[in-house]
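Q: I'm new to this and would like a close look at one part of this protein. Could you walk me through it in plain words?

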Amino acid sequence: MATGGPSDGALAAVDRIGSAAEPVTASELAEELGCTRRSAYDRLERLTEEGDLQTKKVGARGRVWWRPSGQTWGASDDAPEEDATESPDRGDSREHDSWIRQQRDELERELDEVFERIDDAFYALDEELRFTYVNEQAEELLERSSEELLGVALTDAFPGTSLADQFRECLETQEPTSFETYSDRLSFWLEANVYPSESGLSVYFRDITEQKRREQELEQYERIVETVDDGVYALDDDARFVMANKSFCEMIGRGREELMGEHATIAYEDHTLAERAAEAASRVSSGERDIATMEFDLVTGEGDRIPVENRFGPLPYGDSEGRCGVVRDVSERRRRERTLERQRERLETLNELNAVALSITEAVVAQSTRSEIERVVCESLADSDSYEFAWIAGVDPTTESFKPRVEAGVDGYIDDVSISVDPEDPTGQGPAGQAVQTLEMQIVEDVFSDPDFKRWRDVAREHGYRSVAIVPITHEETIYGALGVYADRSDAFAGEERRVLRQLGEVTGHAIAAVERKRALIGDELVEVELRIRDVFESLGIDAESDGRIEIGRTVPLGDDEYLVYGRAADGGESVVEDLAEARPHWKELSFVDGAPGKFEVVFDEPPVLTTVASLGGRVDEAVVEDGDYRMTIHLSPGVDVRQVIDSVREAYPDAEFVTRRQISRPDGATDGTRDVFTEELTDRQRAALEAAYYAGFFEWPRTNSGEEVAESLGISAPTFHQHVRASERKVFASLLAGAAPTGD
């Protein structure tokens, strides 16, 4: 045998660590020599080629070497001593070979048992990719027995397999590799871990189909999570972020990398929230509830706050339990809820206001004086849950200021504030002044943000109100004052509330006008006001001269600011009347009565003076043009604002002069009973028909105007006219003749 080379040391080392009964491995030799396993393997192979050693593969990856039978062990002092009880006599070579085979078989059985105990499927391939070992798990997954596979090449056993190229590359590189692949033949996914050696490959593999399915489901779930609009997150048991989808990151305004590992308190400022969330998740874990829900303000990276709803539950995380949840931006829902709440409040307020308006309307109709009407309005509004207090004030045209009349829910408010109707005065630029100046309702939705209300904010704080409505009380363009309504909430007057309040102002104005008109009709005392316009034709720009007399008599209201006016022109004044009709825009439909020289009737459309006087319950008692001068006498009830009447006359006729004002007794001699019938029992239509018939000469003989002609002047049918007149006559005569019939025996 060859001696003297590097292999001699290897052979001696084999003699030291091994024997025929105990073959050595490359690893054992490498440890003995202090070299690499590859170097020890090469030395053992050379000794085998030289015939000094014999070798055998053991299992899928192992190989052992030993001295051939009949050779003596080296002279090393470390050579093993012979054990007669365990080793046969070296002189008997057949017994020795039998002993070696026995030892070899026992080793193979031990290795087989080891490989069979491996949980994964396992098979071994030699350098030609022939099967040299297959365990039971591999037989089951490959659906082939070891008898079918041992000694058979991989490509022959499984034609078309894609693994051969990967295995050859692994043999060439001698680098372990791992991969996943799908087997069409077996219809499952497998994961393989391949370990190369000088003699072949060891392949560990297992079925990962269920794992792949879960991974695919997880990927699908992750794709779904990433595409939903709601934020999805997960926390570990320390409440630190371990997962967040794109929507959550965008919502909180932080990158995913920035967020991971941060504590949940980065997302909110309420430090009790973490404890409450943990407690809620615990109740879910114990089965007390299905899911936990909390609402809070999410704090973004820029410090903004977003109202969110957080639905969450427990999430196993490692050996502990974390939380996962879905966060939804509820800003829009909150806005809708606030809108619905405001709508509900406004609906309740509107229902209440409608009820108040109805009760006010009913009460106003039943009241007999202006003061009572105003008291009912203010007290009804102040007693409602929607408003704090209310007041009504009149207007003094001389001082251009408000005069307190009634207050409810407050005491002395008008005296505490500085308000005016003068547009040049800063105090007249608030809602009260604007309401009177424009005759339109004025609303201040928030007194603390409206710049025009800055002057009165201290008063608002003192009296505890937030919004204001000032409603002008008017009737037919005549203003009787203003109604102030105050609420402790902003935006209190919106939508239908404005309409109802505006209507309430009109109802109140109409009621006051009716009371004033009734008072003027039935009262024993009157205020007589006389005005004069010198050279009226020149003042009106009319090229007319007349020494005659033009008298405008009684007026009959037709409705919609139209009046039927009867008059008489004497001494050739007819042409002047025609000139007046052409010059004055409110003179409509002038006609002269046949058979009554100089007598005429004309329809006035929105005459400025008549409209104002009528709205205040007064009437023009006499209007005469004589010698070029115009004189007007007006009768009013004592409570009427005379200044307002004078101002309206001067607005229409700037050259008008105030002559006199005096208190007089009613000049007509009608009894109280007849007067009551005329004012209270006759309807407006009946009263108008009766007055028109009287002044048109319907009751004269011969009649100046027939019933058809009077009906045409009134704009109604003849049967309707006669029906109104008959009803009026019956009521008046019933009053006159009551108790006059003989009793008889």
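What relative accessibility does Arg549 have?

A: Arg549 has 25% relative accessibility, so it counts as partly exposed (buried is under 20% relative accessible area, exposed is over 50%, and partly exposed is in between, using a 1.4 Å probe and protein chains only). Just so you know, this is a predicted model, where local features need pLDDT of at least 70, side-chain atom pairs count only at pLDDT 80 or more, and totals for chains, interfaces and linings use all residues. Residues are numbered from 1 along each chain as its sequence is written, and side-chain values use heavy atoms, with hydrogens and water left out.

Now, who does Arg549 pair up with? Its salt-bridge partner is Glu626, with the closest N and O atoms 2.9 Å apart (a salt bridge means a side-chain nitrogen of Lys or Arg within 4 Å of a carboxyl oxygen of Asp or Glu). Arg549 sits in strand β19 (residues 549-559) and Glu626 in strand β23 (residues 619-626), so this pair ties together parts that are 77 residues apart in sequence. Strands (E, at least two residues) and helices (H or I, at least four) are DSSP runs, numbered from the N terminus. Glu626 is partly exposed too, with a relative accessible area of 36%.

For contrast, take Glu374 and Arg370, which also form a salt bridge, their closest N and O atoms being 2.9 Å apart. Both of these lie in helix α14 (residues 370-383), 4 residues apart, about one turn of the helix. Glu374 and Arg370 are both buried. Across the whole structure, a search finds 33 salt bridges.
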